[in-house]
Amino acid sequence: MQALSADQYDRLNRLAQAWERTFLEAARREHGYNARLGVDALCFQPQEMPSGDRGLLGALITPVSLSLALVPEANDALPPGEGARLTLALPSGRYPFEAVSLAGGEWLWQCVLLEDLADLYSVQDGSRLAQRLIAQVMAPAAAE
(Lines give C-alpha, C1' and ligand atoms only; values in the text may rest on other atoms or scores of the structure.)
Protein backbone atom coordinates (compact mmCIF):
# COMPACT_ATOMS: atom_id res chain seq x y z
CA MET A 1 0.00 0.00 0.00
CA GLN A 2 1.44 3.34 -1.07
CA ALA A 3 1.43 6.22 1.41
CA LEU A 4 -0.38 9.34 0.25
CA SER A 5 1.09 12.82 0.45
CA ALA A 6 -0.09 15.39 2.98
CA ASP A 7 -1.77 17.30 0.13
CA GLN A 8 -3.67 14.18 -0.94
CA TYR A 9 -4.86 13.55 2.63
CA ASP A 10 -5.93 17.21 2.89
CA ARG A 11 -7.88 16.88 -0.35
CA LEU A 12 -9.67 13.73 0.86
CA ASN A 13 -10.51 15.46 4.14
CA ARG A 14 -11.95 18.42 2.21
CA LEU A 15 -14.07 16.01 0.15
CA ALA A 16 -15.44 14.35 3.30
CA GLN A 17 -16.28 17.77 4.76
CA ALA A 18 -17.89 18.82 1.47
CA TRP A 19 -20.06 15.67 1.55
CA GLU A 20 -21.20 16.62 5.06
CA ARG A 21 -22.06 20.18 3.99
CA THR A 22 -23.91 18.90 0.92
CA PHE A 23 -25.80 15.85 2.19
CA LEU A 24 -25.69 15.43 5.99
CA GLU A 25 -28.87 17.38 6.80
CA ALA A 26 -30.91 15.34 4.29
CA ALA A 27 -29.18 12.11 5.38
CA ARG A 28 -30.37 12.64 8.97
CA ARG A 29 -33.94 12.28 7.71
CA GLU A 30 -33.27 9.00 5.88
CA HIS A 31 -34.55 5.76 7.39
CA GLY A 32 -31.10 4.12 7.31
CA TYR A 33 -29.24 7.01 8.99
CA ASN A 34 -26.68 5.72 11.53
CA ALA A 35 -25.83 8.50 14.02
CA ARG A 36 -22.85 6.47 15.30
CA LEU A 37 -21.00 7.01 12.00
CA GLY A 38 -19.33 10.05 10.55
CA VAL A 39 -18.09 10.85 7.06
CA ASP A 40 -14.61 9.69 6.19
CA ALA A 41 -12.52 8.96 3.11
CA LEU A 42 -10.52 5.80 3.84
CA CYS A 43 -7.99 3.45 2.23
CA PHE A 44 -7.30 5.63 -0.81
CA GLN A 45 -4.59 4.61 -3.26
CA PRO A 46 -3.44 5.94 -6.63
CA GLN A 47 -5.56 4.63 -9.50
CA GLU A 48 -5.46 5.31 -13.22
CA MET A 49 -8.77 6.72 -14.40
CA PRO A 50 -10.45 5.58 -17.64
CA SER A 51 -9.38 8.91 -19.19
CA GLY A 52 -5.74 8.02 -18.50
CA ASP A 53 -5.45 10.72 -15.83
CA ARG A 54 -4.28 9.87 -12.34
CA GLY A 55 -6.79 9.59 -9.54
CA LEU A 56 -7.27 8.23 -6.05
CA LEU A 57 -9.57 5.27 -5.33
CA GLY A 58 -10.85 4.35 -1.90
CA ALA A 59 -13.86 4.03 0.36
CA LEU A 60 -16.24 6.80 1.36
CA ILE A 61 -18.18 5.97 4.49
CA THR A 62 -21.11 8.10 5.57
CA PRO A 63 -23.95 7.65 8.07
CA VAL A 64 -26.08 6.26 5.22
CA SER A 65 -23.74 4.33 2.90
CA LEU A 66 -20.39 2.79 2.09
CA SER A 67 -19.15 3.55 -1.41
CA LEU A 68 -16.18 3.27 -3.66
CA ALA A 69 -15.00 6.77 -4.49
CA LEU A 70 -12.74 7.84 -7.32
CA VAL A 71 -11.22 11.31 -7.11
CA PRO A 72 -9.20 12.98 -9.87
CA GLU A 73 -5.74 13.75 -8.55
CA ALA A 74 -5.70 17.20 -10.15
CA ASN A 75 -7.45 19.70 -7.88
CA ASP A 76 -8.52 21.72 -10.92
CA ALA A 77 -10.16 18.82 -12.78
CA LEU A 78 -13.46 19.98 -14.20
CA PRO A 79 -16.54 18.07 -13.08
CA PRO A 80 -18.14 16.06 -15.89
CA GLY A 81 -21.65 17.15 -14.94
CA GLU A 82 -24.11 15.85 -12.37
CA GLY A 83 -25.16 12.29 -13.11
CA ALA A 84 -22.37 11.57 -15.61
CA ARG A 85 -21.29 7.94 -15.47
CA LEU A 86 -18.15 5.89 -15.96
CA THR A 87 -17.25 2.24 -15.49
CA LEU A 88 -13.99 1.36 -13.81
CA ALA A 89 -12.38 -2.04 -14.30
CA LEU A 90 -10.78 -3.24 -11.07
CA PRO A 91 -9.22 -6.62 -10.24
CA SER A 92 -12.52 -7.97 -8.85
CA GLY A 93 -14.72 -6.74 -11.70
CA ARG A 94 -16.27 -3.70 -13.33
CA TYR A 95 -17.90 -1.01 -11.18
CA PRO A 96 -20.35 1.71 -12.28
CA PHE A 97 -19.61 5.18 -10.92
CA GLU A 98 -21.68 8.34 -11.03
CA ALA A 99 -20.38 11.92 -10.79
CA VAL A 100 -21.50 13.64 -7.58
CA SER A 101 -21.18 17.38 -7.04
CA LEU A 102 -20.32 18.54 -3.53
CA ALA A 103 -20.23 21.87 -1.72
CA GLY A 104 -17.39 24.26 -2.46
CA GLY A 105 -16.95 23.14 -6.05
CA GLU A 106 -15.69 19.69 -5.00
CA TRP A 107 -16.83 16.54 -6.76
CA LEU A 108 -16.09 12.84 -7.01
CA TRP A 109 -17.08 9.65 -8.79
CA GLN A 110 -19.13 7.42 -6.47
CA CYS A 111 -20.24 3.77 -6.62
CA VAL A 112 -22.56 3.00 -3.68
CA LEU A 113 -22.05 -0.57 -2.51
CA LEU A 114 -23.89 -0.71 0.83
CA GLU A 115 -26.84 1.39 1.95
CA ASP A 116 -27.66 -0.32 5.24
CA LEU A 117 -25.00 0.32 7.87
CA ALA A 118 -27.32 -0.13 10.87
CA ASP A 119 -25.26 -3.00 12.27
CA LEU A 120 -22.17 -0.80 12.66
CA TYR A 121 -21.79 0.38 16.22
CA SER A 122 -18.79 2.68 15.95
CA VAL A 123 -16.54 4.65 13.64
CA GLN A 124 -13.98 1.88 14.12
CA ASP A 125 -16.48 -0.71 12.82
CA GLY A 126 -16.96 1.49 9.76
CA SER A 127 -13.21 1.77 9.22
CA ARG A 128 -12.76 -2.00 9.43
CA LEU A 129 -15.61 -2.55 6.97
CA ALA A 130 -14.06 -0.03 4.55
CA GLN A 131 -10.71 -1.82 4.78
CA ARG A 132 -12.34 -5.19 4.01
CA LEU A 133 -14.26 -3.64 1.13
CA ILE A 134 -11.14 -2.24 -0.51
CA ALA A 135 -9.24 -5.50 0.03
CA GLN A 136 -12.03 -7.43 -1.73
CA VAL A 137 -12.42 -4.92 -4.56
CA MET A 138 -8.70 -4.96 -5.28
CA ALA A 139 -8.43 -8.78 -5.14
CA PRO A 140 -8.79 -10.61 -8.46
CA ALA A 141 -12.18 -12.20 -9.09
CA ALA A 142 -12.33 -15.91 -8.31
CA ALA A 143 -12.19 -18.13 -11.39
CA GLU A 144 -15.39 -20.04 -12.05
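Which residues does P96 touch, not counting residues up to four places away in sequence? In this predicted model, P96 touches L86, T87, Q110 and C111. P96 is found in strand β5, and with a relative accessibility of 55% it counts as exposed, because the cut-off for that class is over 50%. Between P96 and P140 there are 44 residues of sequence separation, and their C-alpha atoms are 17 Å apart in space.

The overall architecture gives this strand its setting. The secondary structure of the protein comes to two helices and six strands, and along the sequence these follow the pattern α-β-β-β-β-β-β-α. The radius of gyration is 15 Å, close to the 15 Å that the globule rule gives for 144 residues, so the protein is as compact as a globular protein of that length. Taken along the principal axes, the C-alpha atoms fill a box of roughly 40 × 40 × 30 Å.

Contacts and surface can be described for the chain as a whole. Among the contacts with a separation of 6 or more, 59% are accounted for by residues 24 or more positions apart. Buried residues make up 44% of the 144 residues. The protein exposes about 8,100 Å², and carbon and sulfur atoms supply 50% of this area. As for charge, there are 11 positive and 18 negative side chains, and the centres of the two sets lie 3 Å apart.

The interior comes next. In soluble globular proteins, nonpolar side chains tend to be buried together. Here the largest nonpolar core has 26 residues, and those with the most contacts inside it are L66, L68, L70, F97 and W109. At least two residues of this core come from each of β1 (40-48), β2 (54-61), β3 (66-72), β4 (85-90), β5 (93-101), β6 (107-114) and α2 (123-137). Helix α2 gives the most, with five residues. The surroundings of L68 illustrate how these elements meet: leaving out residues up to four places away in sequence, L68 touches G58, L90, Y95, F97, W109, Q110, C111, L113, L133, I134 and V137. A second, separate core of 19 residues includes A18, V39, L56 and V100.

R14 is found in helix α1 (residues 6-27) and is partly exposed, with a relative accessible area of 34%. Apart from its neighbours within four places in sequence, R14 is in contact with N75 and E106. The C-alpha atoms of R14 and A35 are separated by 21 Å, the two residues being 21 places apart along the chain.

Y33 lies in the loop between α1 and β1. At 24% relative accessibility, Y33 counts as partly exposed. Its contacts, leaving aside neighbours within four places in sequence, are with L24, A27, R28, P63 and V64. Although Y33 and S65 are 32 residues apart along the chain, their C-alpha atoms are separated by 8.6 Å.

Within strand β1 lies C43. This residue has a positive phi of about 60° although it is not a glycine. Its relative accessibility is 18%, and C43 therefore counts as buried, since that class covers values under 20%.

M49 touches R54, G55, L70, V71, P72 and W109, not counting residues up to four places away in sequence. Two of these partners, L70 and W109, are among the residues with the most contacts inside the largest nonpolar core. M49 and E73 are 24 residues apart along the chain, and their C-alpha atoms are separated by 9.6 Å.

The loop between β2 and β3 holds T62. Is T62 buried or exposed? At 0% relative accessibility, T62 counts as buried. Not counting residues up to four places away in sequence, T62 touches W19, L37, G38, V39 and L117. One of these, V39, is included in the second core.

Technical notes
Residues numbered from 1 in each chain as written. Predicted model: local features only at pLDDT ≥ 70, side-chain atom pairs only at ≥ 80, totals over all residues. Heavy atoms only, no water. Core = buried A, V, L, I, M, F, W, Y, C linked by side-chain atoms within 4.5 Å. Buried < 20%, exposed > 50% of the residue type's maximum accessible area, 1.4 Å probe, protein only. Helix = DSSP H or I, 4+ residues; strand = E, 2+ residues; numbered from the N terminus. Contact = heavy atoms within 4.5 Å. Rg over C-alpha atoms; globule rule 2.2 N^0.38 Å. Areas by Shrake-Rupley, 256 points an atom, 1.4 Å probe, with all protein chains shown as cover. Lys, Arg positive; Asp, Glu negative; His and termini not counted. Charge placed at Lys NZ, Arg CZ, Asp CG, Glu CD.
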